[in-house]
Amino acid sequence: MKAIIAEKPSVAREIAQLLGAHEKKDGYLSGNGYCVTWALGHLIALGMPEDYGIKGFNKTSLPIFPDPFILTPKKLKKANGYEPDPFALKQLNTIKQVINQCSSIIVATDAGREGELIFRYIYHYIQCNKPFERLWISSLTEKAIQDGFKNLQPGDAFDGLYQAAKARSEADWLVGINATQALTIAGNQDVYSLGRVQTPTLALICHRFLQHQNFTKQKYFQIQLSHRKEYTDFTSISQLQWEEKKQTEQIQKSIEREGRAVVEDVSITTVNEQSPLLFDLTELQKEANRKLGLSADEVLQIAQSLYEKKFITYPRTGSKYIPEDLWPEIPELVRILNTSDPFKTAVSTLKFGNFNKRIVNDVKVTDHHGLLITTKVPSALTATEKAIYEMIAYRLLESLSHACTKQVSHITIKVHHYEFQIKGSKILSKGWRAIKGILSDNENSNNKNEALTELPEFKVGDELKISKTELLEKVTQPPKLYTEADLLSAMENAGRSMENKEEQKALSNIGIGTPATRASIIETLLSRNYIVRKSKTLHPTDKGLQVYNLVKDQKIANVQMTAEWELALDKIEKGELNRTQFINDIQDYTAEITNELLSLHIPQENIPQLNCPKCQQHTLIIKDKIVKCPNEQCSWILFRTICGIQLSIKELTLLLTQNKTSLIKNMKSKNGKKFDAYLALDDQLNLIFKFC
């Protein structure tokens, strides 16, 4: 018998179905010489400080350097600490039983860094020493799974991947646990959460927010001229910008009196706008956030669902290319799209046998190739699944198209000694832009003032009549607040912001986080109440800004440092860097930031002394998320966030002294509707709503 361990039950069922393992057991499927079981994500994790005998937050215990790290079953956070997850314990026991009755193991967890870690941690925790092979697939179609089983790879071929995953896990523990405890101690036990990736990401958001808030808008003026030539109307705009309105009006009047402009320079160039590459996960998240308003996490969940339904390939990819050996399968994907009404018109613009091979690059394919549809025609999709599937399908068709060719015109005209610009372009060959019929995309264009109208012919010395002048009053704009799409770009391109050119070049393609983790980083900042979503933009909360102001000059907020770690993890995977050396460096770094954070002075919020309403004997502990009685026998607790609104100190005081808050507006019900209500405590001290 062979044991197969998948990452999720849904994937296990697909594999079992194909292998003929149809007999259902408790926690696994068996038959035809196989036992197919599954993890439930990360069943095993690194132990918490209490697992090393370190209880509470104590300055003398820091920094904490486990040697070795302890592996423990997944735990759930409870009011009095952490407890083992009963579902995790049950499934671990099942996996152990399955492995005990089998001679060897096939690893079928997701083919990537975290999937490898999930299996290896289980393998080491149950102290298994049986041989294992690796199933490495990029989609769950029948053909992909069959090909994968024909090409099983030795388990030790992925030791580098495991070492990188283990290094990432331990580095996150060292920095996250020590930094969180150090800042919490400095803050007199008001809990703060810090992390090697989440803190630089928070710094990006806060820095941009403060730039936006502190920006001083300034008025400036330009002059626009209207012209007509060869039955075509067009405008030109002054190259200069003026600060004084009166001065600009005087110049405008002198131009009106002149009434004519002379063509000084004509520049006409042909531009090839290359077709886009395939989506990787981050690019898909950015596009879906811009076009559909979906969060990065929502896009990941939708893409994962499409993958598990076998409609797309593995979504957690960081590559936009495919390997050469996959190219022969592409025409079949296009033929499948041609059978579906939404894509027939787009496919008709392509010429079979003349596809653009720009997406083929063996060197640039990472663990997984760029996102593709599969040969399985989708059915019964939700609206958002359909939208994401269509995005991936259209992107494939665009990538196979040839460049869009434009003729771009830049005309300089002169009135007196003032220069004006006329910009325009016309499409010579639609190329990839014919797929969706969108011939201009201002979001991605470098020439946002460029008109897609055909200009008449110009030559130097031509005179142009000025039919109208217009004074344009404009205002300088602050840096835009981050949308999730913008933030994902900033995280992805973190290495490019460095001043040292050599370091910038080395880290130009290294960001903070990975395509698979960036969504969870954003969600972590939201759950910590460090940031909030307002409309389509991300805003730091008061707490987020407080943390940023405390750590912005500390190493833990350094984007460059985090980007360098991602580079180091990549080297560990390739066998170019020793994991132990990396962890030793992380320990040195951890010791440094722990000392930095412990030395901080954090002014305390003016928190009132409120008695427990249940026991009436103890002063309540008021935290960012909860209010609780310190007496474990009493154990009264109140969560501060109610229907999306965090109760302020003022409202808490009213609730606990007068049993009723003021009217709280814009709370959100489970179905998403907003409502206003007072909050009160009933006779059993449970929170209730009171309406006007």
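**Exercise 1. Backbone angles at Ala-380**

Ala-380 is exposed, with a relative accessible area of 74%. Starting from there, place Ala-380 in the chain and describe its phi angle.

*Solution.* Keep in mind as you go that this is a predicted model.
- Step 1: the cut-off for exposed is over 50% relative accessible area, and Ala-380 has 74%.
- Step 2: phi of Ala-380 is positive, about 55°, although the residue is not a glycine.

**Exercise 2. Leu-685**

Where does Leu-685 lie, and is it buried, partly exposed or exposed?

*Solution.* 
- Step 1: look in the loop between strand 27 (674–681) and strand 28 (687–690), where Leu-685 has its place.
- Step 2: the relative accessibility of Leu-685 is 22%. Buried means under 20% and exposed over 50%, so Leu-685 counts as partly exposed.
- Step 3: turn to the backbone, where Leu-685 has a positive phi near 65° without being a glycine.

**Exercise 3. Into the core**

How many residues has the largest nonpolar core, and which helix gives the most to it?

*Solution.* 
- Step 1: this core has 92 residues, and Ile-105, Ile-531, Val-551 and Phe-582 have the most contacts inside it.
- Step 2: helix 5 (residues 159–186) is the top contributor, giving 13 residues.
- Step 3: another core lies apart from this one and has 62 residues, including Leu-284, Leu-333, Leu-372 and Leu-396.
- Step 4: now zoom in on Val-551. Leaving aside neighbours within four places in sequence, Val-551 touches Leu-183, Leu-194, Thr-199, Ile-556, Ala-557 and Leu-597.

**Exercise 4. The whole chain**

Describe the chain by its secondary structure, its burial and its charges.

*Solution.* 
- Step 1: count the elements, and you get 19 helices and 28 strands.
- Step 2: 49% of the 692 residues count as buried.
- Step 3: there are 88 positive and 81 negative side chains, and the centres of these two sets are 4 Å apart.

Conventions:
Residues numbered from 1 in each chain as written. Predicted model: local features only at pLDDT ≥ 70, side-chain atom pairs only at ≥ 80, totals over all residues. Heavy atoms only, no water. Core = buried A, V, L, I, M, F, W, Y, C linked by side-chain atoms within 4.5 Å. Buried < 20%, exposed > 50% of the residue type's maximum accessible area, 1.4 Å probe, protein only. Helix = DSSP H or I, 4+ residues; strand = E, 2+ residues; numbered from the N terminus. Contact = heavy atoms within 4.5 Å. Lys, Arg positive; Asp, Glu negative; His and termini not counted. Charge placed at Lys NZ, Arg CZ, Asp CG, Glu CD.
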